[in-house]
Amino acid sequence: MTFRKAERLQKLPPYLFAEIDRLKAELIAKGVDVINLGVGDPDLPTPPHIIEALAKAAGNPVNHQYPSYSGMNDFRVSVAGWYGRRFGVRLDPVSEVLTLIGSKEGLAHLPLAFINPGDLALVPSPAYPVYNIATMFAGGESYFLPLLKKNRFLPDLDAIPEDVARRAKVLFINYPNNPTGAVAGRDFFERVVQFAKQYDIIVCHDAAYTEMSFDGYRPMSFLEVPEAMEVGVEFHSLSKTYNMTGWRLGFLTGNSEIVSGLGQIKSNIDSGAFNAVQWAGIAALEGDQASVAEMQKIYTERRDILIAGLKAVGLAPDCPQATFYVWCPTPSGLSSKEFTSLLLREAGIVTTPGSGFGDPGEGYVRMALTVPAPRIQEAVERIRKLSF
Ligand SMILES: *Cc1c(COP(=O)(O)O)cnc(C)c1O
């Protein structure tokens with residue numbers, strides 16, 4: 001028998017890491033000591049007080065039944081409290097907060113609530129692939145907004161043609177940004193609100209990295225900007241802030257109509273996040289934040305080693321103020337894939353080709369700071385011995 005897959009699967013771009021995974025496996029099989037700067041998954045453990053909260057809640061039979069669709073009330077209250085303390089943003093925990101099974105889950109489902117076949121979504125490029133693919137799964141089309149160095153990796157909203165802006169239903173943005181490591185300030189978010197109001201566009205801000213910042217820099221929430229609540233929502237995650245990628249816990253905040261739209265989709269697809277995990281989330285948001293400061297310190301040290309090492313060989317990456325990504329321009333004459341391949345074959349270092357995140361990412365590779373400092377140092381020494 002042959003089963004023809006749905007068009008939405010046939011339309012999928014090739015899996016970003018497929019070729020790299022294959023090469024990496026080949027090198028490891030040969031006994032090469034591979035340094036993996038490829039995936040954005042923290043190597044640090046979840047802080048112990050969060051694990052204890054999970055263990056305790058997992059033992060309580062009350063938590064063994066179906067959770068509430070929109071998330072445990074206590075968790076949503078906790079999120080609203082955290083938004084108040086961290087950003088000065090007031091949220092109604094009932095209508096303006098929704099628990100997600102990781103923010104990827106929410107991002108992937110949101111277009112089902114607001115995109116009809118033929119509708120446009122404005123999607124940055126390079127970007128986290130979910131925005132584009134979720135739009136396509138909903139039958140919509142992406143109009144890509146290039147993120148270029150000359151614009152500090154912010155989309156140029158003025159360059160969007162009038163007819164495109166009119167057709168657009170959703171705008172995705174993500175700051176601090178994966179993969180470029182760029183940050184956005186108040187001016188940009190204010191311009192986004194103005195643009196969204198002018199064209200009746202839903203703003204989806206992916207804010208997964210607001211707590212992963214360095215040198216005292218504190219990224220802001222999109223919802224801090226006046227009238228942002230009228231046009232948009234923010235996707236947040238426990239994954240990066242508390243090293244909880246495997247736990248699958250995130251949340252959506254902001255405009256109640258948009259929140260309830262995604263809630264309606266979700267209530268027909270999943271049955272909520274495990275309550276014990278939400279209790280752990282409460283412990284994370286309300287507990288001692290020393291682990292967050294510690295995490296920032298660790299990534300700062302790693303970042304500084306890598307940036308100094310890359311500069312010493314003539315590469316010129318910007319030093320990121322946030323995220324655990326270094327967006328490194330390739331040596332002249334090498335494409336993203338060529339440089340990625342050189343680093344892997346000649347130095348045993350896994351990186352991600354910038355072009356895999358979208359065409360405007362060509363000419364860059366993304367390096368994730370997800371290995372200990374001595375391994376970053378080792379990577380730097382191996383790169384120093386390369387000739388390019
Ligand atoms: C890691 C990451 C997330 C978080 O995903 P979760 O599903 O919450 O683990 C969201 N957006 C971007 C851009 C990311 O890099």
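User: In which loop is Arg-248 placed?

Analyst: Arg-248 sits in the loop between strand 7 and strand 8. Helices (H or I, at least four residues) and strands (E, at least two) are DSSP runs, numbered from the N terminus. The model is predicted: local features need pLDDT of at least 70, side-chain atom pairs count only at pLDDT 80 or more, and totals for chains, interfaces and linings use all residues. Residues are numbered from 1 along each chain as its sequence is written, and side-chain values use heavy atoms, with hydrogens and water left out.

User: Why is Arg-248 called partly exposed?

Analyst: Its relative accessible area is 32%. Buried means under 20%, exposed over 50%, and partly exposed in between (1.4 Å probe, protein chains only). Arg-248 therefore counts as partly exposed.

User: What makes the phi of Arg-248 worth a remark?

Analyst: Phi of Arg-248 is positive, about 60°, although the residue is not a glycine. Asn-243, also not a glycine, has a positive phi near 55°. Asn-243 is found in the loop between strand 7 and strand 8 (250-254).

User: Is Asn-243 buried or exposed, and how do you know?

Analyst: The relative accessible area of Asn-243 is 11%, so Asn-243 is buried.

User: Why is His-236 called buried?

Analyst: His-236, in strand 7 (residues 232-237), has a relative accessible area of 1%, and therefore it is buried.

User: What does His-236 touch?

Analyst: Contact means heavy atoms within 4.5 Å. Leaving aside neighbours within four places in sequence, the contacts of His-236 include Trp-82, Tyr-83, Phe-87, Ser-103 and Ala-207.

User: How many residues surround the ligand?

Analyst: The count is 14, a residue being near if one of its heavy atoms lies within 4 Å. Among the closest are Ser-237 and Ser-239.

User: How do you know that the length of helix 5 agrees with its residue count?

Analyst: The expected span is 1.5 Å times one less than the number of residues. For the twelve residues of helix 5 (residues 103-114) that should be 16 Å, and the end C-alpha atoms are 17 Å apart, which agrees. Its buried residues include Ser-103, Leu-107 and Phe-114.

User: Why is Thr-300 called buried?

Analyst: Thr-300, in helix 12 (residues 290-312), has a relative accessible area of 18%, so it is buried. Not counting residues up to four places away in sequence, Thr-300 touches Phe-214 and Asp-215.

User: Which kind of peptide bond joins Ser-125 to Pro-126?

Analyst: That bond is cis, with omega near 5°. Pro-126 lies in the loop between strand 3 (120-125) and helix 6 (130-137). A cis peptide bond also joins Asn-178 and Pro-179, with omega about 15°.
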